[in-house]
Amino acid sequence: GESISFRLRQNNPAIWRSFNFFNSFATTPYFLSQVQSHRNWQPVQTDVRNLDSTGFEMQLEETYNFDGVHPKETVGFLAFEDWTDAEYDTISVDTTWQTVNFNQEFSDVPEILASINSENEVDSVFVKVKDVTTTNFEIKIEEDPNFDGVHGTEEITYLALGEAVETLNVAIVDTGSSG
């Protein structure tokens, strides 16, 4: 995997910056990113597109009605193909709540990290997660209220971190004999 933080400035809202991974992945990795500083009062988030095994494009996306020009912020990202003791996937999500069922049960409610990794529409959207349990959670995207609220699917990577319940495989064999 690869995790790094870097500084990113958005001098022009139309410009996307290209980033290459230090080492290419065998396939498109699972990818999470987030702004990790607060250098301006205008709300901003990472906007990612064209993610593949060699890199991605990113810009800083300000909330609706600002000029899209933003000072330098620290951005962190995590890219991985495999993560031990966690559950993760990249899924298509739209503006309706959908349930994601875990393949395993967690002993406690896991922490959910989720990040949008596509740009299928230009209107700003945010990831919403609710009702996290040891077996599933609900997820959707929601447009900035200043837009029409209608948005197609976007690709989201989620990572559920927590301790899995240990399952014991017990076999009961009936030999059919009285002994």
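The tour of this predicted model passes through the nonpolar cores, then a sheet, and then a histidine.

Begin by selecting Phe21, Phe31, Phe56 and Met58, which are the residues with the most contacts inside the largest nonpolar core, a set of 15 residues. If you then colour β1 (2-10), β3 (30-35), β5 (55-62) and β6 (70-80), you will have the elements that each give two or more residues to this core.

Now show the three strands of the open, antiparallel sheet, whose order is β8-β11-β10. Because β8 (98-101) and β10 (125-130) each have a single partner strand, they stand at the edges, and one side of each is left without a neighbour in the sheet. Neighbouring strands here are turned against each other by 30° on average, direction ignored. Between β10 and β11 (residues 136-143) you can trace six bridges, and Val129 is found opposite Ile139 of β11.

Finally, follow the chain into the loop between β11 and β12 (154-161) and select His151. Is His151 buried or exposed? With a relative accessible area of 6%, His151 is buried. Its side chain makes polar contacts with the side chains of Glu143, at 2.9 Å, and of Glu154, at 2.9 Å. Beyond four places in sequence, the residues that His151 touches include Asp94, Glu121, Asp123 and Ile141.

Terms used: Residues are numbered from 1 along each chain as its sequence is written. This is a predicted model: local features need pLDDT of at least 70, side-chain atom pairs count only at pLDDT 80 or more; totals for chains, interfaces and linings use all residues. Side-chain values use heavy atoms; hydrogens and water are left out. A nonpolar core is a set of buried Ala, Val, Leu, Ile, Met, Phe, Trp, Tyr and Cys residues joined through side-chain atoms within 4.5 Å. Buried means under 20% relative accessible area, exposed over 50%, partly exposed in between (1.4 Å probe, protein chains only). Helices (H or I, at least four residues) and strands (E, at least two) are DSSP runs, numbered from the N terminus. Two strands pair if DSSP finds at least two bridges between them. Axes are lines fitted to C-alpha atoms, for helices over the stretch in contact, and angles run from 0 to 180 degrees between N-to-C directions. A polar contact is a pair of N or O atoms within 3.5 Å; within protein, one must be able to donate a hydrogen and the other to accept it, and residues adjacent in sequence count only if both atoms are side-chain atoms. Contact means heavy atoms within 4.5 Å.
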